[in-house]
Amino acid sequence: MKSASVQTLLIVAALVAVNVLSAFVFFRLDLTEEKRYTLSDATRTLLAELPDDIHVDVYLTGDLPPAFKRLENAVRETLDEFQVQAGKTVTFRFIDPDVVTNVDEKNKLIDRLQQRGLLPTNLVANEGGKRTEKLVFPGAIVSYKGKETAVLLLKGNKAASKEDQLNQSYEGVEFELASAIRKLTQTEGNRRRVGLLYSHTQVPPSRFADLLASVQQSYDLFFIDLSKPGPITGLDAVLVPKPDRPFSDDEIFKLDQYVVNGGRALFFVDGQRIDSVSNEGNYAQPLNLNLDELFFRWGVRVNRDVVKDMYCAPIPLNVGNLGDKPNIQLLPWRFFPLLNNFGTSGNPIVRNLDAVLGRFISTLDTVQAPGIRKIPLLMTSPYTQVLKTPALISYNEARQQPDPQTYTGGVRLVGCLLEGRFQSVYANRILPGDARAAGFRASGEPSRVLICSDGDLVVNDVDYKRNTPYPLGFDRFTRSTFANKDFALNAIDYLVDPNGVIAARTRSVALRPLDKIRLNANRTGWQLLNLLGPLALVGLVGLAWQVVRRRRYTH
């Protein structure tokens with residue numbers, strides 16, 4: 001009996017010591033295969049350096065289906081990890097809009113959330129033979145020093161199944177929340193600098209409004225005029241949106257040396273221009289920007305063609321009269337492809353991205369370029385036709401039923417990321433007496449360049465009646481929003497800092513669904529196992545303990 005008392009005292013003392021030690025030493029172990037509870041290095045650094053308190057209101061909670069409950073749990077777990085890294089600097093709460101039972105007050109709450117940028121999702125389910133609908137807000141509001149921003153948590157590729165889309169949203173929780181915190185807490189001293197080349201496009205500023213506003217939320221934006229003397233310096237990235245007039249040799253030299261010296265650049269360029277010729281259609285003509293030699297040296301060629309894709313967006317067309325009024329219908333317009341084929345799906349720029357809307361796109365070819373790694377990002381569907389310019393683009397195309405057997409162009413490259421040490425196109429061409437020889441470099445620092453053969457990818461539509469721009473990627477005909485803005489912003493984030501918060505987009509969480517056929521066939525057995533199994537296990541442990549005690553103290 002004395003030894004038993006000593007053992008009991010030792011166990012109690014050990015438990016007390018462990019509890020006392022845990023008050024001073026804190027650690028967590030992530031034993032999951034995907035390290036789903038481990039934050040990226042950039043997120044941990046961001047949270048550790050928060051200058052002031054951050055508060056997050058999450059509206060995804062309440063009586064939710066299991067898949068949405070899993071997403072809610074992911075948000076809660078991620079915010080728990082945020083608190084571990086940031087301490088009391090990060091606070092959060094979950095708010096269920098359904099708690100508000102008064103109809104007027106609930107409608108006011110819904111309107112207020114929509115005005116703040118949270119879009120609702122209507123969940124439809126059949127329970128007991130009855131159709132039920134519920135409005136949920138899969139999002140959060142992040143607040144900091146009187147400023148706030150909305151975070152949409154339900155994201156992903158809408159072409160995927162509901163389970164896959166929710167899992168993609170699960171994978172993106174850390175990135176969405178960390179990006180919102182970074183956006184709110186950045187100061188003038190630690191913001192990166194992005195330059196916009198405006199001198200080579202005739203597109204009015206209103207058509208770039210959403211892109212510029214979105215870039216300015218995370219970066220300091222500067223406007224570049226290459227006609228002015230001096231090199232491009234002091235910028236972390238240069239954005240070249242839809243140029244429509246040729247670059248001079250001196251301007252190409254500035255771009256060349258900027259990239260050779262480690263500058264990052266994004267080119268959204270067309271291989272053709274569309275001229276209106278009549279009410280029957282348009283005319284696609286080759287567009288020469290004098291960038292061919294520069295791009296070729298980097299390993300890419302923009303072709304002078306236009307793509308027709310069977311996977312496309314519609315446009316409204318008059319198909320005849322309905323009585324005394326025109327009959328306007330939405331018809332597939334194969335010159336507006338929906339780009340939902342991502343060449344390197346694991347790249348954080350396009351991982352879990354929704355479809356991107358293209359308009360009169362051209363194709364890209366890759367060519368050999370020493371030291372440059374080419375990463376395909378945007379690609380067409382397999383059902384394409386490629387028209388060499390000049391080409392007539394007739395509106396009758398939309399009225400005709402396409403023959404899939406004639407769309408044999410295959411998958412074509414539209415957007416490509418280039419990484420490596422870029423060689424100057426002016427190597428062995430700059431003579432000693434040339435004024436540009438001072439500071440010239442034939443090769444230099446590692447860099448990154450993105451080239452997309454669609455200038456309209458970063459151009460938004462405008463509501464001319466209200467004189468307000470639509471969001472980038474918004475299709476005013478179908479009222480759908482595509483991922484053009486996400487693609488552009490992800491690309492800027494990656495080019496500027498591939499190891500930054502954008503790295504959180506590489507998180508992967510595998511779905512491990514149960515076998516539904518076997519589950520339904522053996523439902524009763526599994527239910528009994530879950531119900532009686534734990535009780536039987538506890539009973540066996542207790543019985544074994546009694547047998548051990550009886551044998552020990554019998555002697």
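This is a predicted model: local features need pLDDT of at least 70, side-chain atom pairs count only at pLDDT 80 or more; totals for chains, interfaces and linings use all residues.

1. Which residue meets Asp98 in a salt bridge through its side chain? The partner is Lys106, with an N to O distance of 2.8 Å.

2. As for the overall picture, the protein comprises 13 helices and 28 strands. Its C-alpha atoms fill a box of roughly 100 × 75 × 50 Å along the principal axes. Of the 555 residues, 45% count as buried. Where contacts between residues at least 6 apart in sequence are considered, 76% of them join residues at least 24 apart.

3. The structure contains 32 salt bridges. One of them joins the side chains of Lys155 and Glu176, at 3.8 Å from N to O. Lys155 belongs to the loop between β6 (147-152) and α5 (162-171), while Glu176 sits in helix α6 (residues 173-185), so this pair ties together parts 21 residues apart in sequence. Lys155 is partly exposed, its relative accessible area being 26%. Glu176, by contrast, counts as buried because its relative accessibility is 16%, and the cut-off for burial is under 20%.

4. A further salt bridge connects Lys308 and Glu397, whose closest N and O atoms are 2.8 Å apart. This pair links distant parts of the chain, since Lys308 lies in strand β14 (residues 305-309) and Glu397 in helix α10 (residues 396-399), 89 residues apart. Lys308 has a relative accessible area of 4% and is therefore buried. Separately, a network of salt bridges links Arg207, Arg359, Asp461 and Arg476.

5. Is Asp354 buried or exposed? Asp354 counts as buried, because its relative accessibility is 10%. The residue lies in the loop between β17 (341-342) and β18 (356-357). Its side chain makes a polar contact of 2.9 Å with the side chain of Lys158. Leaving aside residues up to four places away in sequence, Asp354 touches Gly156, Asn157, Lys158, Asn340, Phe342, Thr481 and Ala483.

6. Strand β16 (residues 325-339) is joined to β18 by two bridges, and the two run antiparallel. Leu338 stands opposite Leu357 of β18.

7. Which members of the largest nonpolar core touch the most other members? Among the 79 residues of this core, they are Leu450 and Phe487. Setting aside residues up to four places away in sequence, Phe487 touches Phe268, Ile349, Val350, Leu353, Val356, Leu377, Leu378, Leu450, Cys452 and Leu457.

8. Phe487 is one of the buried residues of helix α11. This helix (residues 484-496) has 13 residues and spans 18 Å from its first C-alpha to its last, close to the 18 Å expected at 1.5 Å a residue. The helix is mostly covered, with 10 of its 13 residues buried. The buried set also includes Asn484, Asn490, Asp493 and Tyr494, together with Ala488, Ala491, Ile492, Leu495 and Val496.

9. How many of the 12 residues of α8 are buried? The count is 10 of the 12, so α8 is largely enclosed by the rest of the structure. Helix α8 (residues 249-260) reaches 16 Å from its first C-alpha to its last, close to the 16 Å expected at 1.5 Å a residue. Its buried residues include Glu251, Lys254, Asp256 and Gln257, as well as Phe253, Leu255 and Val259. The cover over the buried residues of α8 includes β9 (237-241), β10 (264-268), α9 (292-298), β23 (413-423) and β24 (443-452). Just after this helix, Gly262 adopts a positive phi of about 100 degrees.

Technical notes
Residues are numbered from 1 along each chain as its sequence is written. Side-chain values use heavy atoms; hydrogens and water are left out. Helices (H or I, at least four residues) and strands (E, at least two) are DSSP runs, numbered from the N terminus. Buried means under 20% relative accessible area, exposed over 50%, partly exposed in between (1.4 Å probe, protein chains only). A polar contact is a pair of N or O atoms within 3.5 Å; within protein, one must be able to donate a hydrogen and the other to accept it, and residues adjacent in sequence count only if both atoms are side-chain atoms. Contact means heavy atoms within 4.5 Å. A nonpolar core is a set of buried Ala, Val, Leu, Ile, Met, Phe, Trp, Tyr and Cys residues joined through side-chain atoms within 4.5 Å. The expected span of a helix is 1.5 Å times one less than its number of residues. Two strands pair if DSSP finds at least two bridges between them. A salt bridge is a side-chain nitrogen of Lys or Arg within 4 Å of a carboxyl oxygen of Asp or Glu.
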